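The following questions and answers are intended for a student who is learning to read a structural model.

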Amino acid sequence: MTATKKIGKYRWTICALLFAATTINYLDRQVLSLLGPNLLKEYHWSHADYANITGIFQLVYAIALLFGGRLIDKFGTKKGYTIAFVVWSLGAMMHALAIPIGEGVMTVFGWIGIGMIPVSVLGFTISRAILAIGEAGNFPAAIKTTAEYFPKKDRAFATGIFNSGSNIGAILAPLTVPWIEATWGWQAAFIIIGGVGLIWLIFWQIYYKKPEEQKRLSQAELEYINRDDIMENVENKEGSSEKIKWSKLFCYRQTWAFVVGKFMTDGVWWFFLFWLPTYLSDRYHISTLQMMLPLAVLYSMTMFGSILGGKWPTYFINKHKLSPYDGRMKAMLLIALCPLIVLLAQPLGYLGLWVPVVLIGIGASAHQAWSANIFTTVSDMFPKKAVASVTGIGGMAGGLGGFLLTEAAGWLFDFYKAQGNIETGYTIVFAFCAIAYLLAWIIMKAIVPKYKLITDL
């Protein structure tokens with residue numbers, strides 16, 4: 001505590017802003033999944049229709065992440081984060097107008113001879129695409145901000161803290177959205193939740209500046225933040241806005257390790273986030289209001305995984321004197337074993353709703369621990385000026401993996417539902433969710449077996 005007081009702790013104020021941003025990010029994206037069971041009935045969607053709506057979010061999110069990271073590296077975190085927040089908040093609120101939007105676009109389509117697209121599906125798809133474009137800026141900006149405000153040894157912990165906002169958002173959503181829907185209708189849920197982001201922007205404008213321009217930082221804290229630059233004699237300030245070609249980033253094995261890890265595991269979290277309410281409705285035939293407590297408990301579990309997972313590598317780094325990357329990979333191997341318990345979710349589901357809720361909660365917790373560390377592998381090995389770009393590339397890969405898993409899930413659920421055995425579809429998807437992390441770790445380790453800092457960018 002004494003050292004912290006001497007150094008200063010303003011960097012944790014910035015971390016708190018990132019935590020709040022990520023909470024809002026996940027609140028906005030989860031509204032649809034909680035309204036999904038009722039919207040499926042109201043607008044007569046199939047599971048494939050719902051998969052297409054959620055899938056377009058992931059596909060657009062993936063593409064936008066690639067460019068979002070580049071834009072944030074070019075324009076800086078303050079301006080980039082501001083633009084992202086405005087776009088995604090407006091996109092979230094647009095969902096309330098999904099039906100008139102769909103009707104308007106279908107009228108235009110009718111003029112050019114395009115038809116056969118349900119108005120509701122079209123309207124929600126457009127709204128999800130706008131939301132995805134804005135939300136894609138969150139993680140590249142947050143990871144870049146973390147690299148700016150924290151030395152390498154603290155970044156996984158800081159990332160774990162702000163990334164736990166995704167869990168808080170996931171907890172708050174089932175505690176608020178069903179109640180808002182029951183009280184004022186589903187449109188109000190999108191408008192109220194979507195408007196929260198515009199409030200966050202006020203605090204971001206007041207409290208964020210680059211560390212070297214931040215008057216609230218003490219000189220001791222600024223030196224602490226920049227300790228890696230001094231120790232490694234790597235200058236990240238001069239030419240920090242220099243444009244780095246994507247083609248050059250793809251030449252590094254470190255980029256491909258991150259890409260593979262994200263591609264194979266991001267879809268698991270997307271599946272849990274977008275499909276769990278539908279799963280509980282399909283399997284246990286409960287209402288949205290009845291899901292509030294189980295989902296809140298499940299996502300409360302994930303919060304601990306995010307924070308503890310981010311702290312875990314420091315044990316290997318400090319006790320075994322490993323590099324941040326090597327300590328992180330050791331921790332990630334142990335984390336990758338935890339989701340295997342999800343294999344039991346379906347076989348033991350007959351024991352009651354709470355069995356799969358707890359087992360999936362453990363798997364989702366492991367994902368958050370994994371996520372806090374895989375993000376930080378980028379700032380372990382790349383200079384600050386490339387962090388957002390590489391994060392964007394990996395995020396694109398994760399979004400594509402999520403899109404493919406969502407589309408496959410929708411098809412599987414409709415196929416087995418037609419045969420009167422939708423549980424088999426869920427069993428298949430849960431099996432992939434269980435083994436994805438271990439497979440990803442093996443491939444990542446094969447691509448980058450030892451830590452190597454990149455200094456030629």
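Helices (H or I, at least four residues) and strands (E, at least two) are DSSP runs, numbered from the N terminus. This is a predicted model, in which local features need pLDDT of at least 70 and side-chain atom pairs count only at pLDDT 80 or more, while totals for chains, interfaces and linings use all residues. Residues are numbered from 1 along each chain as its sequence is written, and side-chain values use heavy atoms, with hydrogens and water left out.

Q: In which helix does His-367 lie, and is His-367 buried or exposed?
A: His-367 lies in helix H18 (residues 354-381). Buried means under 20% relative accessible area, exposed over 50%, and partly exposed in between (1.4 Å probe, protein chains only). The relative accessibility of His-367 is 3%, so His-367 counts as buried.

Q: Which residues does His-367 contact, leaving aside its neighbours within four places in sequence?
A: Contact means heavy atoms within 4.5 Å. With neighbours within four places in sequence left aside, the contacts of His-367 are Thr-265, Asp-266, Trp-269 and Tyr-437.

Q: How many salt bridges does the count come to?
A: Side chains of opposite charge can pair when their charged atoms come close. A salt bridge is defined as a side-chain nitrogen of Lys or Arg within 4 Å of a carboxyl oxygen of Asp or Glu. By this rule the count is three.

Q: How many residues apart in sequence are the parts tied together by Glu-221 and Arg-11?
A: The side chains of Glu-221 and Arg-11 form a salt bridge, at 3.0 Å from N to O. Glu-221 belongs to helix H11 (residues 219-225) and Arg-11 to helix H2 (residues 10-42), so the pair ties together parts whose separation in sequence is 210 residues.

Q: Is Glu-135 buried or exposed?
A: Glu-135 meets Arg-29 in a salt bridge of 2.8 Å, N to O. This pair links distant parts of the chain, since Glu-135 is in helix H6 (residues 119-135) and Arg-29 is in helix H2, 106 residues apart. Like Arg-29, Glu-135 is buried.

Q: By about how much of a helix are Lys-262 and Asp-266 separated?
A: A salt bridge joins the side chains of Lys-262 and Asp-266 (3.1 Å, N to O). Both residues are in helix H14 (residues 253-284), and they are four residues apart, so their separation is about one helical turn.

Q: What is the relative orientation of H7 and H19?
A: Axes are lines fitted to C-alpha atoms, for helices over the stretch in contact, and angles run from 0 to 180 degrees between N-to-C directions. Helix H7 (residues 138-149) packs against helix H19 (residues 384-418) at about 155°, with axes 9 Å apart. Angles under 35 degrees count as roughly parallel, over 145 as roughly antiparallel, 65 to 115 as roughly perpendicular and the rest as oblique. H7 and H19 are therefore roughly antiparallel.

Q: How are H2 and H7 oriented, and how many charged residues has their contact?
A: The axes of H2 and H7 come within 10 Å and cross at roughly 170°, which means that H2 is roughly antiparallel to H7. Among the residues making the contact are Tyr-10 and Arg-11 of H2 and Asn-138 and Phe-139 of H7. Ala, Val, Leu, Ile, Met, Phe, Trp, Tyr, Cys and Pro count as nonpolar, Asp, Glu, Lys and Arg as charged, and the others, Gly among them, as polar. By class, the contact of H2 with H7 has eight nonpolar residues, five polar and, as charged residues, one.
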